[in-house]
Amino acid sequence: MKEDKLMETLNLLKKLNSEGFKISYEMKNLSLKFPKGKEINEDLINELKANKDSLILYFENYAGKIKLTDTKEKEKKIKKIPFEGEDYYEITPVQKYWVDDTIDYKYKQQNRKHGTVVITYEVFGPLLIKAFNNAVSYIVNRHESLRTTFHEINANYYMRINKYNKAYIPEYWDFQSKPKNDAQIKKIIEFDNHNFDLKKGPLFLARLLKIKEKHFEFSLKIHHVIFDTVSDGILKRDLFTAYKAFSQNKIPNLPALKFQYKDNLASINNYIKNNYNHHKDYWDKLYRGLPEPLQIPIDSIDNQIEHSFGEKEMIEFPKRLINRLSLIAKKNTVSLFVILQATFKAYLCYKTGQSDILIGTYIFGRDHSNTENQIGCYAKTVLIRTIFNRKDSFREIVKKVAKSNEDMKNYWAFSLMEKTKEMLSHDESLIKSFWKINLQYYDLLQKKSLISDSLGSDLKFLIKRNQDKSIIGFIMQLTFIRSAEQLWLQIEYDSSQYDSLTIKNLISDYVNFANEHCRIN
């Protein structure tokens, strides 16, 4: 659909919504609902008829949000699998990655802590332990995802929601009257020697240590299969709101959860089922072959140390460049992240001569409705492939990168990741040669301080560490970090292949290239 036609369709939908009309698309048919007693005028009817084909095209290709509208719809979509007296529910490919150990088997054998998230806070102030325990207990009862386990039944994987019980109250240690033992405290806080069992659970663990009067450490260990980056903010908000309420003998006032983890996963599965073949056809037509292995315009080192992903370097963008790239994003009605992708892909193309470039990025996966207040794992890594002509102007590069991002968002029922793996079915490990770099964007402007809003000034929760033991499928992670007036680029890299000076030269060379070449006159 051409951009002007898309905007015309969006404006028509906006007009319908403003007048209380709701249009939906199912089984190749459009239907219109309107408030009781309200009549639809003939002009609007004619406008809908004239734009019928455009509306159908929009719903098939652009409307990415999944909606669960009412209880009947909910019951229709959720399929229970009874087994040995318990109810089980289908999971999505995101959960299957963590549950099915045959996926990335070699890496998972080497790293038994894959998928482990450990978050530790230092707590200063007069913490009311009973109110805090009640808050943690309340959160576990509120979110079914925190009581979920995963099971293999007849060669398929499912989730089970376990009943709430008081075992989820945090484990407690009091070191106030004991000699301080830093090594012992560290082991407790980091859940030393604990490995998750996805079948037995629990997959959410909490520990509270009293170090001294008005000084505590609070640690969480959560498996990635039920938790992602967005969940972190939801958990903190819910926990602190609940604590404040219980400390005042009140009932927590939090948004109602009409739908739970199993409901949203059922909705995703339904979308995949309905769109899988159509999306697969799209990728099959778009890409009939694989790109050349991704090149990085620096030489690796002959280092004998083991794979070590975690070394970091950082550089700040010049303010004039930030302003220019922000203006380019505004003029092209795309996000700054799309522009940054375009600058980096233009850099790779310029330095290596490679015009078919595949990179990864991490998306939150919460475009479907009803996930805003729900703890769960929806995030996943996706691939974005862009094919350039070396004579392309930067304006043309931006358009192509924007289109690649739209494709990734609109055709995810069968993704480019799946397409690439399918083409490498004889040796899936070869995907690492095409996908070596991940790009990520983190906007500090959108980060909200949930702690201060919930607890007031008498208690302070300070993040001590956040360890995410996720699967690393690439050798370099570029993270763009945006604040009000600044933009940084952080590169986390495999130090067994690259040294610090090489990485510093790479990011400096890239920023200089962007400053010199990336402009739209």
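Modeller: Before we look at any residue, note that a residue is called buried when its relative accessible area is under 20%, exposed when that area is over 50%, and partly exposed in between, using a 1.4 Å probe and protein chains only. This is a predicted model, in which local features need pLDDT of at least 70 and side-chain atom pairs count only at pLDDT 80 or more, while totals for chains, interfaces and linings use all residues. Residues are numbered from 1 along each chain as its sequence is written, and side-chain values use heavy atoms, with hydrogens and water left out.

Biologist: What makes the pair of Phe317 and Phe480 edge-to-face rather than stacked?

Modeller: Rings of Phe, Tyr and Trp (its six-membered ring) pair if their centres lie within 6.5 Å, and planes under 30 degrees apart count as stacked, over 60 as edge-to-face and the rest as tilted. By this rule the count comes to 25 aromatic pairs. One is formed by Tyr282 and Tyr411, whose centres are 3.8 Å apart with planes at 5 degrees, so this pair is stacked. Tyr282 and Tyr411 are both buried. For Phe317 and Phe480 the centres are 6.2 Å apart and the planes stand at 65 degrees, so that pair is edge-to-face. Phe317 and Phe480 are buried as well.

Biologist: Which residues are linked with Phe317 and Phe480 into a cluster by ring pairs?

Modeller: The cluster also takes in Phe344, Tyr347, Tyr350, Tyr510 and Phe513.

Biologist: Why is Lys262 said to lie over the face of Tyr89?

Modeller: A charge sits over a ring if NZ of Lys or CZ of Arg is within 6 Å of the ring centre and within 35 degrees of the ring normal. Lys262 lies over the face of Tyr89 at 5.7 Å from the ring centre, and the charged end of Lys280 sits over the ring of Phe414, 5.5 Å from its centre.

Biologist: How do you know that the buried residues of helix α8 line one face of the helix?

Modeller: Helices (H or I, at least four residues) and strands (E, at least two) are DSSP runs, numbered from the N terminus. Helix α8 covers residues 182–189, and its buried residues are Ile185, Ile188 and Ile189. Seen down the axis of α8, they fall within an arc of 95 degrees (the arc of the directions from the helix axis to the C-beta atoms), so they line one face. On the other side of α8, Ala183 and Lys187 are exposed.
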